[in-house]
Structure formats: structure tokens, C-alpha cells
Amino acid sequence: MHRASALFVGVYEPTKQKLLKLFPENLSAVAHLTAGAIGGIAASLIRVPTEVVKQRMQTGQFTSASNAVHVIASKEGFKGLYAGYGSFLLRDLPFDAIQFCIYEQIRIGYKAAARRDLNDPENAIIGAFAGALTGAITTPLDVIKTRLMVQGSANQYKGIFDCVQTILREEGPSALLKGIQPRVLWIGIGGSIFFGVLESTKRLLAERRSKPTQQSKHD
């Protein structure tokens, strides 16, 4: 699992468990939304510099990641590696919160209807749906984030609102939905893999934890 994803899950799962105890059952969606956002903040510390370097390399500014980090840090300072951090959070916090909330809520409903634990293919299908839907909802935020991250020291946009106004004025509302189809497809596939792996990993860890307990009972 990617380091940022591992950090996200490491923060999300215990936060979710604590919040579910605090909130009544009918407000479980709030617990999932909040835990998703908190996990997203933790993961952003790794995600943002990685994304900045990747975006700059894609636009042909640098040939290697190490060169990109060195040049950005020396020319723009440490904050250069966190360029567009606000816009990244604007996109990723809602994305993480919405995706995990949709996923968890569908699973709760499905489990209640099926009256059993879900299998890996079912978790993967729910994950794909949650990812695709969230991808569609957050496409405009992704467009804004990308524009702010790749502008570098040119500072074409003064901030998030200026970026939105400029895009709407110069390119029209449809520009905010650029790349929606591949994004929905890609995130749907990613959601299927991520949640399928996540649930099977959680189950294996739970089985491992229960084995020593069962063994100690027989001793």
C-alpha cells in the first residue's frame, strides 16, 4: 500500500472507531465523514509534495523526482513543495470524506439487507461505485487544484477563488469538468482495488488477533 494511503488508513480506522462510539447510530455518516477528513489531513503531508513533483514532471519542467525536489526547494523554499496546499485540501478533504462516507453507508445498508458479512468482490463493487461517484462530484475541485499546483512561480492565479473566476470567465463552466470521464473510470477502478484490499487486510488482521486469544483459552 502507498505510504500516504497507509498513513490515511492508520489514522482513519482508529478515529472512525472513536467517533462511532461518540455519535448515536443514526449519525454514523457524520462519524465517517469526519474520520475521512482527519485521515485526509494526515495523508496530505505526504501526498502534497508527491503531487507537486509529479505535476511539474508531467509538464516537462523536470526530468527526475530528486532534481524536482532540489530545484523547487532551492528556488521557492520549503513552501514550494506545498504549492497549492489549500486547493489540495479543498479537493482531497471532501473527496476522502465523501468517498469513505458513501462506501461505509452502502456497506451498512447492504450488510443489514443481506444479514451477513460481505465478501471481497462485494466490497470491491461498493468501493468502485463510491470512488466513481466521488470522482464525478469532485472533478471541479481537481481542475482547480491542478491549475494552482502547476503554475509554479508564475503565479497566474491569486488563489482558489481567483482561479475559479478566471476559468469561468475565460473558458466557461464546462472547463471545470475537464477530464471527468477518465477520472470517474480511473477512480472507480482504484476504489475497487483499494477497498477490496483494505477489507481483506482488516479481516486477516482480525483473524490473526483472534488466534492467540483462542490458543490461550485452550492452554
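**Pocket lining and helix packing in a predicted model**

The lining of the largest pocket comprises 14 nonpolar, 10 polar and nine charged residues (Ala, Val, Leu, Ile, Met, Phe, Trp, Tyr, Cys and Pro count as nonpolar, Asp, Glu, Lys and Arg as charged, and the others, Gly among them, as polar). The model is predicted, so to speak plainly about its limits: local features need pLDDT of at least 70, side-chain atom pairs count only at pLDDT 80 or more, and totals for chains, interfaces and linings use all residues. Residues are numbered from 1 along each chain as its sequence is written, and side-chain values use heavy atoms, with hydrogens and water left out.

The protein has eight helices and zero strands (DSSP runs numbered from the N terminus, helices being H or I of at least four residues and strands E of at least two). Its C-alpha atoms fill a box of roughly 65 × 40 × 30 Å along the principal axes.

Back at the largest pocket, the space amounts to about 1,200 Å³ (a pocket is an open set of points on a 1 Å grid over the protein atoms alone, where a 1.4 Å probe fits, with protein on both sides within 12 Å along at least five of seven lines; lining residues have an atom within 4 Å of a point; the volume is that filled by probe spheres set on the points). Of its 33 lining residues, Glu-51, Lys-54, Arg-91, Trp-186 and Ile-187 lie nearest the centre. Helix α8 gives the most, with 11 residues.

Helices α6 (residues 139-150) and α7 (residues 160-171) pack at about 105 degrees, with axes 10 Å apart (axes are lines fitted to C-alpha atoms over the stretch in contact, and angles run from 0 to 180 degrees between N-to-C directions). The pair is therefore roughly perpendicular (65 to 115 degrees). Val-143, Ile-144, Arg-147 and Leu-148 of α6 meet Ile-160, Cys-163, Val-164, Ile-167 and Glu-171 of α7 (heavy atoms within 4.5 Å).

Conventions
Angles under 35 degrees count as roughly parallel, over 145 as roughly antiparallel, 65 to 115 as roughly perpendicular and the rest as oblique.
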